[in-house]
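Morning, everyone. I have one structure to go through, and I will keep it short.

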Amino acid sequence: MSEFFQTFLNPGVMAESSGLLLRGLWVTVQACLIVIPGGLFFGAGLALAQTLAPAWGARSLSWGVDLIRAFPPLVLLVLIVHGLPFLRIEPPPLLGVGIALTINTSTYYGEILRAGILSIEPTQWEAARSTGLGTAATLRHVILPQGVRNVLPDLAGNTLEAVKLTSLASVVALPDLLRMARVAQGVHFNPSPLILAAVLYLALLWPLVRLIRRMGGRAVLPA
Amino acid sequence: MSAVLELRGVGKTFAGVPALRDIHLAVGTSELVALIGPSGSGKSTLLRCCNRLAEPDAGDVVFEGEPVPAGGAELASVRRRMGMVFQAFNLYPHLNALENAALAPRRAAGLSHGEAETAAREALERVGLGDRTSAMPDGLSGGQQQRVAIARALALRPRILLLDEPTSALDPELVGSVLRVIRSLKEDGVAMLIATHEIAFAREAADRIAFLADGEILECGPPAEILDRPRTERLQSFLSRL
């Protein structure tokens with residue numbers, strides 16, 4: 001048993017690699033600060049465009065969304081980070097990762113928000129329209145406040161996935177939390193830094209996980 | 001009497017099935033016109049054609065002397081002056097009573113926040129709910145919800161109210177409170193076009209009653225004439241089954 005502890009929970013190794021891992025954690029947090037707001041922003045754009053576009057436009061958008069969702073995010077990441085330089089576009093690594101993962105996660109956010117909009121009965125649109133409210137005002141004050149509330153647990157769940165998605169960045173040499181843990185593992189010939197990284201991910205995600213659990217118990221609004 | 005709202009030969013077809021045929025009907029200033037008829041006779045469709053929630057296929061809807069515009073800001077402006085009340089209330093469940101009534105004055109009519117709230121408060125007082133302004137819809141009874149819905153329409157100071165079976169979704173003991181509000185609005189001179197199954201109410205409150213069957217107005221006239229001396233067989237059998 002003590003061999004197990006020495007291998008996976010080695011306090012000396014953890015202490016020595018903690019500086020490296022904290023730097024990695026900061027990179028992960030930065031990636032999240034690009035990917036989550038970016039994904040929500042473009043996801044909202046996709047959802048609104050599909051709601052308001054004429055049928056053919058909505059159909060082509062949904063094709064695009066499905067294509068991106070079916071595309072492995074790892075391949076998308078490699079294509080963008082290592083492909084853009086061929087077009088003489090060389091974004092800093094963090095931004096390249098941010099762009100690739102935002103493209104991926106915005107399609108999921110978009111579908112969730114679209115489901116939220118569709119969860120509101122047409123009679124709410126009619127009531128608003130009968131008082132002379134336009135489409136934008138109806139969306140903003142009647143449909144979205146209810147629709148977003150109906151899908152809050154799903155939005156939070158996708159945010160959780162987005163945070164974990166950023167660990168893919170280690171593949172393209174971005175010094176994120178997972179990458180730094182792998183580096184420390186190599187330096188010490190010991191996997192304890194990986195466990196420490198898991199603990200740091202947990203610290204990052206735990207509040208969100210609990211929030212989702214709390215929201216899951218709440219009744220969904222009647223339309 | 002000058003007409004606030006006039007339908008001239010309005011027709012509407014749903015997937016090849018005619019829902020309204022050649023409807024001619026006018027509602028004058030301060031006039032209350034009741035639409036009666038069996039379910040599916042086209043009462044709702046007629047009301048929805050007035051503010052173009054349903055698009056008429058034929059004929060003209062004329063509001064205050066002008067044809068109701070097809071869309072855009074002009075249609076929105078007409079809709080503000082033509083209040084609508086739905087059978088299922090259709091209140092905004094995430095907003096309280098005051099916010100429900102203040103939303104359109106603020107966001108459609110462009111009043112300031114304070115003006116919109118004042119208009120909403122006055123409208124709620126008019127329907128007897130001045131003390132429930134901060135109540136959420138699911139904390140109100142059906143009758144109270146429908147009165148908030150009436151206040152939502154009134155807050156825009158409309159020239160006419162279109163009421164689509166406003167008491168049909170209510171428990172019997174709550175019907176009276178809504179009908180009382182409608183009666184008091186009539187006394188204040190609000191023009192109304194109301195689809196209803198409350199024949200006793202129509203007899204006592206309506207200036208005229210129009211009987212609709214299979215999308216056509218078969219008879220139209222003062223309550224005594226329509227209810228006591230029905231001319232068509234359809235109306236006679238409709239009244240006998242009540």
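I will take chain A and then the domains of chain B. Keep in mind that this is a predicted model.

Chain A, to begin with. How many helices and strands are there in chain A? The count is 10 helices and 0 strands. As for dimensions, the C-alpha trace of chain A spans about 70 × 50 × 25 Å along its principal axes. Chain A has 223 residues, and 34% of them are buried. On contacts, take the pairs in chain A with a separation of 6 or more: 79% of those are between residues 24 or more positions apart.

Now chain B. The assignment divides chain B into two pieces: domain 1, made of 3-81 + 158-240, and domain 2, which covers 94-148. Taken over C-alpha atoms, the centres of domain 1 and domain 2 of chain B are 25 Å apart. Each side of the contact is made by 10 residues, 10 from domain 1 of chain B and 10 from domain 2 of chain B.

Which elements give two or more residues to the domain 1 side in chain B? They are helix 2 (72-80) and helix 6 (172-187) of chain B. Helix 6 of chain B gives the most to that side, with 4 residues. By class, the side of domain 1 of chain B that touches domain 2 has 7 nonpolar, 1 polar and 2 charged residues.

That is what I had on these two chains.

Definitions and conventions: Residues numbered from 1 in each chain as written. Chains lettered and ligands numbered in written order. Predicted model: local features only at pLDDT ≥ 70, side-chain atom pairs only at ≥ 80, totals over all residues. Buried ≥ 20, exposed ≤ 12 C-beta atoms within 10 Å, placed from the backbone. Contact = placed C-beta atoms within 7 Å. Domains from an automatic or database assignment. Nonpolar A, V, L, I, M, F, W, Y, C, P; charged D, E, K, R; others polar.
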